[in-house]
Amino acid sequence: MNNSLEGIKVLDLTRVLAGPYCTQMLGDLGADIIKVERPGGGDDTRGFAPPFVKNDNGEDTDLSAYYCGANRNKKSITINLSEKEGQGLVRKLLSDCDILVENFKTGTLEKYGLGYKDLKKDFPRLIYCSITGFGQTGPYASRPGYDGLIQAMGGVMSLTGDPDGEPMKVGVPIGDLMAGMFASVGILAAVRHQIQTGQGQFIDIGMLDTHVAWLANQGMNYLSTDKNPDRLGNQHPNIVPYQVMPTSDGYIVLSIGNDPTFERFCKLAGEEKLLGDERFKTNADRVSNREFVTNTLNEITKKHKSDWWLTELEKQKIGCGPINTLSEVFSDPHVKAREMVVQMDHKKTGKAPLKLIANPIKMEQTPPTYRMPPPLLGEHTDEILSEKIGLSKSEIINLKDKGII
């Protein structure tokens with residue numbers, strides 16, 4: 001076995017981000033992914049541009065960078081799901097698949113006879129994962145889900161941003177990404193069950209549910225107190241100092257997780273006198289006196305440049321770091337050493353490699369692999385229909401003429 005999920009076959013009816021991110025992770029781990037897209041347009045993210053990926057002449061291709069970020073290790077087939085013949089093709093493909101993943105609005109695939117209840121009898125081994133905004137039950141089940149909407153309804157926007165500013169969403173679509181990650185975990189657990197029992201099951205992933213789940217310490221802070229946490233900007237709700245700190249020429253992040261570390265910080269800064277002040281004595285004291293402690297420490301960190309602080313704090317094993325731009329992230333020697341960018345050949349880019357963000361999972365025996373670049377729309381339609389279903393060239397041409405594929 002070269003890959004953890006080698007031999008696992010997935011029919012991917014997802015688009016945009018939550019679903020494609022989930023299936024890309026399964027693909028990276030070795031699963032065979034057939035991505036079903038609508039004829040003519042395909043996954044919506046094919047049009048989420050600019051930016052486009054550039055070719056070896058430095059010119060824009062028609063490849064959306066957004067699309068490429070969540071669709072490697074997949075083969076693309078176009079099928080019109082609203083047509084009976086298209087629905088029949090999906091059923092034929094499922095005869096050779098272990099998993100179906102979809103993120104249509106609740107009830108959409110049922111209209112096409114492709115809901116879990118429609119398929120369960122004919123495909124008892126099928127793992128059917130549905131990713132929606134609000135799940136299959138509850139008063140919001142019929143609503144469409146969007147990342148920004150979920151961040152707002154799920155509470156993270158109330159926790160993010162300057163205390164005196166407006167609520168702020170996270171700078172990446174974290175609602176989509178976390179839904180995709182939870183979906184992949186659920187699928188892998190279901191695969192284990194499938195292997196043991198021969199039975200499939202339905203997996204109901206709601207973006208709002210997953211969002212609430214990762215409220216983590218802030219969610220627990222509320223449940224423990226019945227008090228809405230304040231927006232703290234770049235400060236930590238339970239630890240001080242654990243935040244952005246000003247220096248004489250910029251900013252750094254300082255992360256002091258316990259009292260012995262704070263003592264080392266005070267000695268480094270030449271501010272041992274703070275250790276005798278009850279407001280600074282323990283982390284609980286510092287949290288209780290957050291404003292005074294923060295203002296005091298800000299004046300201390302302003303005495304030196306960022307490089308001085310980062311160097312000296314590192315020597316004392318005190319958590320710290322620069323606030324990097326993305327150019328600094330991807331040029332960081334540690335990020336490079338961890339091989340967090342992968343390069344793949346692509347038909348559209350010529351001799352220029354297509355750069356993609358790598359899978360972060362490091363596995364000794366069966367690491368992620370990068371076997372296929374993000375596919376062109378319908379690139380593998382003929383291949384899949386011929387090899388998986390056994391259709392002839394004339395039958396495939398006929399389906400194309402009728403707009404089924």
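## Terms and model

Helices (H or I, at least four residues) and strands (E, at least two) are DSSP runs, numbered from the N terminus. With that in hand, the loop between helix H11 (259-269) and helix H12 (283-288) is where Leu-274 is found.

A word on the source: this is a predicted model, in which local features need pLDDT of at least 70 and side-chain atom pairs count only at pLDDT 80 or more, while totals for chains, interfaces and linings use all residues. Residues are numbered from 1 along each chain as its sequence is written, and side-chain values use heavy atoms, with hydrogens and water left out.

## The chain as a whole

The chain has 18 helices and 13 strands, and its C-alpha atoms fill a box of roughly 85 × 55 × 40 Å along the principal axes. Of its 405 residues, 43% are buried (under 20% relative accessible area, with exposed meaning over 50% and partly exposed in between; 1.4 Å probe, protein chains only).

Take the contacts (heavy atoms within 4.5 Å) between residues at least 6 apart in sequence: 68% of them join residues at least 24 apart.

## Nonpolar cores

A nonpolar core is a set of buried Ala, Val, Leu, Ile, Met, Phe, Trp, Tyr and Cys residues joined through side-chain atoms within 4.5 Å. The largest one has 28 residues, and Leu-11, Ile-79 and Leu-94 touch the most other members. Elements giving two or more residues to this core include strand E1 (9-13), strand E2 (32-37) and helix H17 (381-389), while H3 provides the largest share, four residues.

Leaving out residues up to four places away in sequence, Leu-11 touches Ile-34, Val-36, Val-90, Leu-93, Leu-94, Cys-97, Ile-99, Leu-100 and Val-101. Apart from this core lies another, of 25 residues, with Val-101, Ile-150, Ile-205 and Met-207 among them.

Ile-205 sits in strand E8 (residues 201-206) and counts as buried, at 10% relative accessibility. Beyond four places in sequence, its contacts include Cys-129, Ser-130, Ile-131 and Phe-182. Gly-133 is 72 residues away from Ile-205 along the chain, yet their C-alpha atoms are separated by 8.2 Å.

Leu-274 and Leu-297 are 23 residues apart in sequence and 9.9 Å apart C-alpha to C-alpha.

## Pocket and cavity

On a 1 Å grid over the protein atoms alone, a cavity is a set of points where a 1.4 Å probe fits but cannot get out, and a pocket is an open set with protein on both sides within 12 Å along at least five of seven lines; lining residues have an atom within 4 Å of a point. Grid points are joined across faces, edges and corners, and a volume is the space filled by probe spheres set on the points. The largest pocket has a volume of about 1200 Å³. Its lining has 35 residues, with Ala-65, Gly-69, Phe-330, Leu-356 and Ile-357 nearest the centre. By class, 26 are nonpolar, five polar and four charged (Ala, Val, Leu, Ile, Met, Phe, Trp, Tyr, Cys and Pro count as nonpolar, Asp, Glu, Lys and Arg as charged, and the others, Gly among them, as polar).

The whole structure holds one cavity of 30 Å³ or more. The largest cavity has a volume of about 50 Å³.
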